[in-house]
Amino acid sequence: MSNAPKEKTKKKMPERKCVGCNERRSKSELVRILRTPEGEILIDRTGKKSGRGAYLCRSSTCFAKAHRARRLQTALSCEIPDSVIDAIGKELMQDHEG
Ligand SMILES: [Zn+2]
């Protein structure tokens with residue numbers, strides 16, 4: 001029935017690994033969590049800010065996994081208070097609904 005070729009776009013997308021599920025995905029499917037040079041943790045929606053970044057799927061499951069295993073802290077090599085992580089999680093979920 002559906003014999004449509006799967007890859008219609010051969011464009012090369014940069015891939016990053018999600019710190020939640022550890023799967024590689026194209027950057028457009030991921031959100032970038034950024035640690036700025038000032039030590040601030042935020043969601044980088046442009047993907048262009050400088051700093052150290054960690055990538056997450058837009059999924060509450062991946063966020064929860066990363067949160068539980070403290071992978072954001074590991075990926076960004078810094079301590080992140082739970083309150084900050086919670087705020088990021090909420091913001092991500094809002095994105096998801098919006
Ligand atoms: Zn993931």
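1. In strand β5, Y55 is the bridge partner of R32. The two strands, β3 (residues 30-35) and β5 (residues 52-57), pair in the antiparallel sense over six bridges; strands count as paired if DSSP finds at least two bridges between them. Helices (H or I, at least four residues) and strands (E, at least two) are DSSP runs, numbered from the N terminus.

2. This is a predicted model, in which local features need pLDDT of at least 70 and side-chain atom pairs count only at pLDDT 80 or more, while totals for chains, interfaces and linings use all residues. Residues are numbered from 1 along each chain as its sequence is written.

3. The average pLDDT (the predictor's confidence in each residue, from 0 to 100) is 89 for the protein, and 86% of the residues score at least 70. Among the elements, mean pLDDT is lowest in helix α3 (residues 82-97), at 85, and highest in helix α2 (residues 71-76), at 97.

4. β3 also runs antiparallel to strand β4 (residues 41-44), joined to it by four bridges. I33 stands opposite I43 of β4. Five residues lie between the strands of this hairpin, where G39 has a positive phi near 90 degrees.

5. Five of the six residues of β3 are buried (20 or more other C-beta atoms within 10 Å of a residue's own, C-beta atoms being placed from the backbone).

Terms used: Buried ≥ 20, exposed ≤ 12 C-beta atoms within 10 Å, placed from the backbone.
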